Every structure is written in C-alpha cells, then in structure tokens.
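Hi everyone, thanks for making time for this one.

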Amino acid sequence: MTERASLLQRCYQGWANIPIRVLLTVPFMLQLVGAVGIVGYLSDRSGQQSVRELADQLTQQVSLRIHDRLTIYLHTSQDVVAANYLAVQQGTLDLKNFEQLQQQFWQQVTLNPLIEGVLFSNEEAEVIAYGRFQSEEIVKESEKVTGENLSVGMPFFYSLKSNDLGKRKYYLVDLKGNPRKLIYTFKIDNRIAPWYRYGKAARQQTWSPICVYKILPTLGIYALAPIYDATGKWRGVFASDFTLAALNTFLNQLKFSPSGQTFIMERSGNLVATSTLEIPFVKPALGEPTRLLAVNSKDTLTRDIARQLTHKFGNLSTLQTTQQLTLMSNHERQFVRVTPYQDRYGLDWLVVVIVPESDFMADIHANTQRTWLLCGLTLLVAAGTGMLSARWIARPIYRLQQAAEALAERQLDYPVEISGVGEVARLTIAFQRMAHQLKTSFRSLQESEQRFEHLLHNVPVGISVFDSTGNQILLNQLGETILGRGNLPNLSLEELSAAYQIYQAGTNQLYPVEQLPVTQALRGETTFVDDMEIEVKGERVALEIHAIPFFDAAGNLLYAILAFQDITKRRQAERILTDYSRELEHQIAERTQELQRSEERFRSAFEDAPIGMALVALDGRFIRVNRSLCQILGNSQEELLTKTFPEITHPDDVATNLEQVQRAIAGEINIYQVQLRYLHQQGHIVWALVNVSVVRDSREYPIYFIAQIQDISDRYAIEQMKNEFISIVSHELRTPLTAIHGSLGILESGIYHNNSEKFNHLISIALNNSDRLVRLVNDILDLERLESQKTELVKEACEVTDLIEQAVETVQPLADTAKIHLDWTPLAVSVWAAPDAIVQTLTNLLSNAIKFSPAGSTVSVKAEVIEAKDSNREKVRENTHTSLPYILFSTCDRGRGIPADKLETIFGRFQQVDVQDSRHKGGTGLGLAICKSIVQQHQGQIWVESLWGTGSTFYFTLPVQPPAE
Ligand code: ADP
C-alpha cells in the first residue's frame with residue numbers, strides 16, 4: 001500500500017469513528033452558525049447601506065423642501081416688485097399717483113400674506129409702503145404707543161412725501177388699508193440706504209445684498225425693481241423686503257431627524273439662516289453689526305461641517321453641483337448634502353443639510369442587537385432540535401447497526417424493531433426484509449456449504465486446492481487417505497515433493513517442482529499426469545492427477561484445483577491386462593488358424609458332400625452351391641449362382657416352399673423339411689427332399705438359409721410303383737375277399753348245421769382273418785385314395801360335440817367288450833372339417849386307446865379351443881403351425897404307452913410298436929398313417945405324447961376357420 005493510500009485509509013478510519021449524531025449535528029451547527037453570522041453581517045451591512053441610502057433620500061428630500069420654500073418665499077417678493085414694475089411699464093400705474101400706488105400695494109399685501117412688505121422709494125426721498133409687524137418686540141412697542149391690541153403679521157402703512165420734511169410716518173390701517181392711526185415717525189432717508197443704491201446701480205430687477213435690520217435682530221433682503229423712464233432717467237425703485245428670520249424659523253421647524261440640522265450660506269461663507277436659530281450676525285458693542293461666517297458659528301456641527309466643506313472645496317464658489325458627503329463631526333459620521341440655490345435675480349446660496357448617522361443607527365443598532373439575539377436564540381433552538389433530531393435519526397440507525405453487527409456475527413434471529421420515520425423507517429423495513437433474505441440465504445448457504453463439504457469429502461477422488469501463492473488450503477478426506485497425510489499448510493511448492501514424498505514413477509527421484517501439476521496449474525495450465533508415485537507407509541502408491549487453474553471473472557488466478565486418485569490397482573490390472581492381451585493375441589492366432597482349418601474342412605465338406613447343399617439368400621438367390629447340387633440339377637456352379645430357388649422349383653411347388661420360407665423368416669420355425677419337385681436343366685423333374693435351416697445373426701435376424709437337397713427321384717419312383725402295386729393288388733383282392741368273407745359269414749351263422757366244433761372253430765378263424773384282410777385292404781385303399789387325393793375331403797362347418805359323439809358311439813361296443821369306460825366332454829364350437837374323415841380319425845384313435853388299455857380303465861376324449869400361441873396347450877407342442885384359432889382334440893388312455901423312439905414312427909405305414917400287435921390287437925399298422933393324412937389335409941397336425949407304461953395321449957389340431965384363399 002502506498003503512503004498516500006495508507007494516509008487516506010487512516011483518515012477514513014478516523015472519519016468512520018465519528019458518531020453519526022456528531023456528524024449530523026456539527027456540520028448542521030457549523031452551517032447554522034455560518035448562516036446566522038452571514039445573515040447578521042449582511043443585515044448589518046445592508047442596515048448601514050440602507051441608512052446611507054435613507055440618509056441620502058432624506059437629505060435630498062429636505063434639500064428639495066428647502067428649495068421649494070425658498071422659491072415660495074423669495075419669489076413672492078420678486079413677483080410683487082415685478083408686477084408693480086410691469087404695471088408701471090404698461091402705464092397702468094403712475095408713480096406720481098401715491099394713492100394708486102397705495103391701493104396697488106394694499107391689494108398685494110392683502111392678497112398674499114407671505115408678502116412682508118412692499119414699497120416704492122424715489123429720488124425725492126419719497127416713500128410709500130405697506131409692511132407687517134415682524135416681531136413681538138415691535139408689536140409691544142406699537143401697542144404701547146397706540147394703546148391697541150396688535151399682533152405679529154398685521155399690516156401697517158408708512159409713507160414719506162415730499163411735504164413730510166424727511167420724516168417717515170407709520171400708521172395702523174383700517175380694513176381698506178387706509179392709515180387710521182399714526183404709530184411713530186422716523187427720519188429716514190432711503191436714498192442713502194445700501195439697498196436703494198444697489199438697486200439704482202443695478203438697473204434691472206435684482207436682489208439687494210443681505211443686510212442686518214436696524215430695528216429687528218435679523219437679516220433681511222430686498223427684492224428690487226429699479227425704474228428708469230424711456231429717457232433713462234431714474235424714477236425710483238419698487239422693493240419688497242424679506243426677513244430672513246422666517247427662513248430660520250422654517251429651517252428650525254423642519255423636523256426631519258432628531259439631531260439633523262440645516263443651514264444656508266452664501267458663497268462667501270456668511271450664514272443666511274440656520275435651523276439652530278443662531279443669530280447669523282455679530283453685533284459688536286461698538287459699530288455696525290457684521291455678518292457671521294458659518295465657519296465661525298457657535299454651533300459645533302455647523303462650524304465643523306462649514307470648515308470641512310471649505311477645506312474640501314477651497315473656494316465655495318467652485319461648488320456648482322449637489323454634493324452628497326459623509327463627514328465626521330462629534331466623533332460620529334454625518335451625512336451631508338450641499339445643494340446650490342440660485343435664481344435669475346442673482347441669488348446664489350448653498351443649502352446644507354446634515355443628518356448624523358446616530359439618528360438612524362440607534363434603531364439599526366437596536367435592530368442589529370435584536371437580530372443577533374434572535375440569531376443566538378435560533379442557533380440555540382436549532383442546535384437543540386438538531387441534536388434531538390440527530391438523536392432521533394441516529395437511534396434507529398444505531399439499532400440497525402447493532403442488528404447488522406449481530407447479523408454479521410451470524411446471530412440470525414436478532415430482533416429488528418421498526419422505528420424512526422421516513423427514509424429511516426423505510427430503511428429499517430428494507431433492512432428487516434434484507435435480514436430475512438440474508439437469513440434465508442445464510443441457511444441455504446449453510447446447507448450448500450454442508451452439501452459442498454459432504455460432496456467434497458465423498459467424491460470418489462482426492463481433491464486438493466491451492467491458493468494463488470501455492471499454499472494448500474484444502475484437502476478432502478479421500479485425499480488424506482490416498483496421500484496418507486493430512487493437509488500440510490504453509491509449505492512452499494519447492495518443499496511439496498519432499499514433504500509428501502512424491503516420486504517420478506518407477507524411480508527414487510523426487511518429482512521436479514516445475515513439473516508438479518500444481519505448479520503448472522498455478523501457471524494457468526490445465527494438466528494431467530499419471531507418472532507420479534507417492535510413498536505411503538513404505539509402499540509406493542501410483543497417482544493420476546488432473547490439475548486445473550481457477551480464475552475469477554477478471555481473469556485473475558484464484559486457485560489451483562487438483563483431483564487425484566490411487567491408480568495402483570489399475571496399474572496392476574493394466575499389467576495383467578497387457579499379459580492377458582498378449583496371451584489372447586496368441587490364442588486368437590491359434591484359433592484363427594484352427595478356424596481357417598475348420599473353414600477349409602467345412603468348405604470341403606460342403607463341396608464334397610454327397611447330397612446337394614446350398615447357401616440361399618433370403619430373397620431366394622443362391623449364394624453358394626456344391627457339386628452334388630449341380631449334378632442333381634444338371635447346372636454348372638456359375639449357372640446356378642445366377643438363379644434363384646423359385647426359378648429351379650416346379651411351379652406347383654413354389655407356393656408350398658414359399659409358405660415355409662416366410663414362416664422361417666418370421667421366426668416361427670427354424671428348420672423345415674419339404675418334398676419338392678425341381679426342374680432339371682434337361683427339362684425333366686427331379687424329386688427332392690429338402691431340409692432347410694435358417695442362419696441368424698447375433699440379434700436373431702435371419703441372414704441366409706442352408707439347404708440340403710437330397711435327390712429322391714429314384715425312391716419316389718419306387719414308392720409310386722409300390723403304391724400302384726398295392727392299389728392294384730388291393731383292388732384285385734377286395735372283390736374275391738368280399739366274396740370269401742360273405743361265404744364264411746354264412747357258414748359261421750350255422751345255417752347249414754354242419755357245425756362240428758372243429759368246423760366252427762376253423763370257420764371262425766377263417767372269418768376273423770378274412771375280416772382282418774378286408775380291413776387291411778380297405779385301409780390300404782383308403783390311404784391310397786387320401787394320399788393320391790383321389791377322394792377330395794369335402795369340408796364344412798360342423799359341431800365338435802357331434803363329431804366326438806359319433807366317434808364315441810362307434811367305439812362304445814368295443815369299449816363295452818373291453819370293459820373300458822369312455823369319458824368324453826362336449827364342446828359347442830364349430831370347426832371347418834370333413835366330418836366323416838374326422839369321425840374316422842377320432843374313432844381310430846379311440847379304438848387304439850381301448851385296444852391298448854387295461855380292462856376297467858378310462859379312455860377320455862375331449863376338444864378345446866386354442867386362441868393364442870401362449871396358451872397352456874401351446875407349450876405342449878412348440879412347432880404347431882396350425883393357424884389360430886384352432887381346435888385341439890385329444891384322446892387319453894392309461895394303457896401300455898409308446899416308447900420314445902416310436903413316437904414319430906408309429907404315424908408311418910405299417911408301423912407298430914410291437915410286431916405282435918397286429919396279430920393280438922387286430923391292427924393293420926395303417927390307422928395312424930390314415931389319421932395323419934386326414935389331419936394334414938385339414939392343415940392340422942397330429943402327434944402323440946406318451947410315457948412307456950403309463951399311457952398315451954394323442955393330439956390333433958383342426959383350424960376353426962376355413963383357410964383364406
Ligand atoms: P394298428 O392297426 O396296428 O392299430 P395303428 O397305425 O393304428 O395300427 O397303430 C400303430 C401302432 O401304434 C399300433 O400297432 C400300436 O403298436 C401303437 N399304438 C397305437 N395306439 C396306441 C395306444 N393307444 N397305446 C399303445 N400303443 C398304440
């Protein structure tokens with residue numbers, strides 16, 4: 001790990017240890033303190049800003065009001081003089097007509113209460129004027145003189161006419177402005193007054209310089225309209241005075257802030273008016289009063305500000321635009337607005353408005369204090385609620401943490417309460433769900449682990465797992481058993497061979513580490529080795545090892561997995577197997593030679609066999625034929641091999657053979673024998689007895705037939721001749737025999753009474769023998785007819801019961817004579833048969849049974865229906881080929897029985913078990929041959945089962961249905 005990474009890790013662990021309550025509260029508090037601080041600071045700043053803006057607005061408003069008021073006051077005076085001047089110019093006012101002037105002035109004074117005084121003064125020192133009482137002192141003085149109640153603002157009249165000897169007279173006036181009472185008289189000459197001279201010099205409407213009134217402790221100013229006539233001659237001046245004390249009063253009454261002040265000064269710095277009501281002039285004990293410079297004001301603020309302004313602008317006359325300033329005075333900030341006030345009559349003043357910051361800041365400070373207090377309170381409350389809510393949030397999280405730790409320690413049933421709100425509650429629910437799923441997963445993991453462990457320890461191979469560093473981390477039980485040691489951890493790969501005693505097979509050399517399967521697997525290779533041996537308890541164990549590398553999804557090698565097994569026994573078995581194989585090879589070679597010899601023998605036996613032999617394909621083609629067959633058929637081998645079995649067979653016999661072939665292919669029979677006619681190369685017929693057997697493969701599929709063909713033409717010819725001979729003889733014998741038999745019968749009946757005992761005995765012998773001879777001849781003829789098919793058996797559906805009953809009735813007298821009990825069972829089934837022939841067959845079998853049974857025994861006859869091949873009867877005769885369903889007839893006796901070697905032959909002609917039988921039992925030896933012929937012509941079969949000495953049972957079968965054509 002790099003230094004930086006470990007530092008980061010330490011930092012992270014440091015952070016991770018901080019409780020969530022602190023994490024939730026401290027940043028919250030810090031933010032809050034920050035926010036509150038910023039809000040406080042900003043509100044302070046904005047307070048100051050607002051104060052500044054407010055002060056600006058206030059001073060601006062105050063300046064405007066002062067300007068307005070100055071305009072009203074001062075312009076009133078100028079308007080009055082202008083009006084009078086205009087009247088004179090227009091000729092409506094005559095300067096000589098003092099009455100007219102008086103009226104004009106009275107109107108103006110009456111109409112406008114702001115007019116303090118209006119006068120006309122001329123070069124003759126004449127004056128006519130109206131004025132107003134301007135102060136309480138003057139009012140009181142005048143009251144004393146006149147004895148009347150007067151008031152400030154009340155108009156009075158004064159005039160000085162040429163005849164008044166330079167004395168100006170002041171009068172109280174009546175309602176029309178007429179003088180009614182003289183108040184006092186002064187000697188004043190206006191012509192020497194500065195304002196008069198200023199007006200005269202000005203030659204245009206103007207303001208007089210500010211002067212200090214003599215009578216009043218105030219400053220005043222005159223609006224002057226000098227009048228010259230058309231010739232430029234001086235006529236006098238209209239004047240309207242204005243007492244600047246009114247401005248002082250106005251400024252004083254202008255309550256715009258608790259300590260705010262205003263003052264007006266001229267460009268020279270002389271005070272014009274001030275809100276402090278300070279008298280704006282200095283009256284020395286001696287001499288004329290002088291104007292007061294603002295910089296010398298007794299009022300500290302006025303003085304300070306005036307000085308700073310003078311200092312700032314040097315000459316006040318340079319100050320042409322409104323100035324908004326912040327100056328210091330009395331150790332506090334003062335907002336100062338200086339506005340020039342000028343009019344077209346030459347007035348040029350500076351209006352100064354001062355607002356101390358403290359006037360606003362008191363509230364602002366109070367507000368700021370409140371703000372800080374509220375901030376503090378908010379901070380406390382927020383901290384409290386923050387801590388509470390942090391606790392509130394943290395507690396369920398803490399519980400969740402405990403639950404999670406419990407889960408991590410696999411305490412799967414640790415309870416998780418649902419508490420908290422919002423996301424925390426949802427988190428708890430999700431945690432609960434997760435815990436449940438974890439629980440399920442843990443369980444299935446445990447099960448899976450158990451399964452895995454079980455599997456691992458029960459796999460039929462040894463399993464060993466190495467981690468990527470080559471350390472063995474797992475070895476299963478079978479592995480331990482095979483290796484004879486448990487897991488040896490902390491071994492390096494180099495130590496492995498020595499520790500486990502791993503050798504190269506068949507040597508004493510330790511297995512090289514580089515070739516160890518684990519080494520190769522750790523290199524990422526999949527390997528298989530079987531040349532390894534391990535020494536366990538002094539014995540060598542051969543091992544076979546598969547090793548595979550195991551990677552994670554990113555392709556990093558995680559493990560090497562080894563599966564190994566003990567192949568010692570297999571090795572031994574392999575050795576034995578090798579020996580055995582060698583032996584086997586040897587034996588096979590010998591057998592092959594033997595087989596070749598046998599093959600040779602078979603070939604020569606086949607080739608040289610005295611009877612015809614052929615291998616025939618399933619489709620009838622010849623595969624191989626021998627010499628004898630070629631001789632029988634008159635063909636060469638080559639010719640025969642191009643032919644088929646049916647081609648060489650007589651057309652009438654093809655079907656017979658084909659039927660058997662099909663049964664053999666179908667697996668119903670394996671061997672059959674037929675007598676066939678073949679067509680010789682030269683055109684004549686060859687009679688042959690053919691034995692055919694089917695050769696099958698390992699799966700029982702038929703491959704080909706082996707046929708043995710015996711030329712029986714000669715035998716057949718002899719047989720024919722014999723048959724013909726017997727037939728002829730029999731025919732020829734029957735007529736005389738019948739006559740002899742009839743004669744003997746008559747003689748035996750005793751009709752001729754010549755019956756001596758001896759004669760009768762001889763007659764009886766003759767009759768018996770002729771009787772036997774007739775039977776013999778009849779049997780021979782019967783058989784001959786049957787076999788030559790001269791008599792066709794006419795088949796019909798007949799009742800089995802009837803057939804048996806008829807036969808039983810026929811043999812009943814015989815049975816009675818022999819004292820044999822006949823037992824028979826009816827079967828109400830019809831069978832397709834020639835009834836007489838079947839009765840003859842049954843009769844023959846029953847009479848044989850009676851003949852060979854001891855007296856008192858029972859002979860039984862029965863029939864049953866066989867519907868399926870696997871029925872019990874079927875087991876009796878495996879090769880029954882009668883088509884199903886069929887009737888199985890059987891006759892059973894308890895007689896002498898038939899020896900095993902005769903069971904087949906007795907169905908041949910003249911075949912008897914004992915040569916005495918014909919004599920003792922009166923048989924011909926042809927009965928069973930006739931039976932066989934009859935049954936065969938019904939497509940049935942006949943056979944006998946017998947044990948010598950215990951009795952015999954003869955069976956024959958007949959199909960129930962006529963064969964399908
Ligand atoms: P036969 O006219 O001689 O009876 P069969 O052909 O009927 O001629 O019988 C042939 C021979 O079979 C008999 O001679 C006898 O030896 C033997 N045989 C037939 N039936 C029986 C039987 N039920 N028990 C013992 N032997 C019998």
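How much space lies in the second largest cavity? About 80 Å³. Before I go on, this is a predicted model, where local features need pLDDT of at least 70, side-chain atom pairs count only at pLDDT 80 or more, and totals for chains, interfaces and linings use all residues. Residues are numbered from 1 along each chain as its sequence is written, and side-chain values use heavy atoms, with hydrogens and water left out.

On a 1 Å grid over the protein atoms alone, a cavity is a set of points where a 1.4 Å probe fits but cannot get out; a pocket is an open set with protein on both sides within 12 Å along at least five of seven lines; and lining residues have an atom within 4 Å of a point. Points are joined across faces, edges and corners, and the volume is the space filled by probe spheres set on them.

Back to that second largest cavity: its lining is Asn-723, Ile-726, Ile-780, Leu-783, Glu-784, Arg-909 and Phe-910. Helix H18 (713–748) and helix H19 (757–787) are the elements giving two or more residues to this lining, and H19 gives the most, with 3 residues. Helices here are DSSP runs of H or I with at least four residues, strands are runs of E with at least two, and both are numbered from the N terminus. By class, we get 4 nonpolar, 1 polar and 2 charged residues; Ala, Val, Leu, Ile, Met, Phe, Trp, Tyr, Cys and Pro count as nonpolar, Asp, Glu, Lys and Arg as charged, and the others, Gly among them, as polar.

What about the largest cavity, what volume does it have? About 170 Å³. Its lining has 16 residues, with Leu-483, Leu-496, Ile-502, Ile-545 and Leu-562 nearest the centre. There we find 14 nonpolar, 2 polar and no charged residues. Elements supplying at least two lining residues each include helix H11 (493–500) and strand E21 (539–551).

Next, the second largest pocket, at about 1100 Å³. Of its 41 lining residues, Ile-188, Tyr-213, Lys-214, Ile-215 and Tyr-222 lie nearest the centre. The lining holds 23 nonpolar, 7 polar and 11 charged residues, and domain 1 (93–243) and domain 2 (248–356) each give at least three. Those domain bounds come from an automatic or database assignment. For a sense of scale, 217 Å separate the C-alpha centres of domain 1 and domain 5.

The 391–443 span is 75% helix and 0% strand, while 598–668 is 59% helix and 14% strand.

On to some strands, which pair if DSSP finds at least two bridges between them. Strand E26 (residues 685–696) runs antiparallel to strand E25 (residues 671–679), joined by 9 bridges, and pairs antiparallel with strand E27 (residues 702–711) over 9 bridges.

Finally, pLDDT is the predictor's confidence in each residue, from 0 to 100. The chain's mean is 86, but helix H22 (residues 872–876) has the lowest element mean, 51. Where pLDDT is low, the predicted coordinates should not be read in detail.
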